[in-house]
Amino acid sequence: MGCSNTRPLIAQPPSPPVIHNPYHGPISVTIRTIGKQFSFQAKSSHTLLEVKRKIFSETLIPEENQSILWEKKQLVNDNATLNECGLSETATLIVWAKKK
C-alpha cells in the first residue's frame, strides 16, 4: 500500500538568486536616458519605485512606463531596495520609456 501522506513531486520553478550585498551606505546613482543624464544620491534602503519617482521628476517618463537596466540586468521589482538589487557605492542606470 504506501504512505497515505505522500504527494506527487511537482517541479517548482527555481527561486531568483538572493543577492547578499553587505553595502548599506549612500549610493551615487547616475541616470542615462536618450538625450539626458543626471545624478543624485540615494540610500541603499530606497526602493526601485522611489528611484522611478525621482526619474519621473527629471524626465517626465511615468513610473509605470520606465524600463531600467543595470549591469545588463533589467530591474523589475518596484518593491526591491537598491541593496537587494545589488547596487553599491556608484551605479549607472539606463532608462527608457516602454511603448504603450
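This is a predicted model: local features need pLDDT of at least 70, side-chain atom pairs count only at pLDDT 80 or more; totals for chains, interfaces and linings use all residues.
View A. Helix H1 comprises the 12 residues 48–59, and its end C-alpha atoms are 16 Å apart.

**View B. The buried residues of helix H1.** Leu 48, Val 51, Lys 52 and Ile 55 of H1 are buried. They cover an arc of only 100° around the axis, so they sit on the same side of H1. An α-helix has 3.6 residues a turn, and therefore residues three or four places apart point the same way. The packing partners of the buried H1 residues are strands S1 (26–33), S2 (36–43), S3 (66–70), S4 (73–75) and S5 (90–97), together with helix H2 (82–85).

View C. An open sheet with mixed pairing is formed by 5 strands, in the order S2-S1-S5-S3-S4. S2 and S4 stand at the edges with a single partner strand each, so one side of each has no neighbour in the sheet. From one strand to the next, the twist averages 30°.

**View D. The pairing of S3 with S5.** Strands S3 and S5 pair in the antiparallel sense, over 4 bridges. Val 95 in S5 is the bridge partner of Ile 68. Strands of a sheet pair through backbone hydrogen bonds, either parallel or antiparallel.

Technical notes:
Residues are numbered from 1 along each chain as its sequence is written. Side-chain values use heavy atoms; hydrogens and water are left out. Helices (H or I, at least four residues) and strands (E, at least two) are DSSP runs, numbered from the N terminus. The expected span of a helix is 1.5 Å times one less than its number of residues. Buried means under 20% relative accessible area, exposed over 50%, partly exposed in between (1.4 Å probe, protein chains only). The arc is that of the directions from the helix axis to the C-beta atoms. Contact means heavy atoms within 4.5 Å. Two strands pair if DSSP finds at least two bridges between them. Axes are lines fitted to C-alpha atoms, for helices over the stretch in contact, and angles run from 0 to 180 degrees between N-to-C directions.
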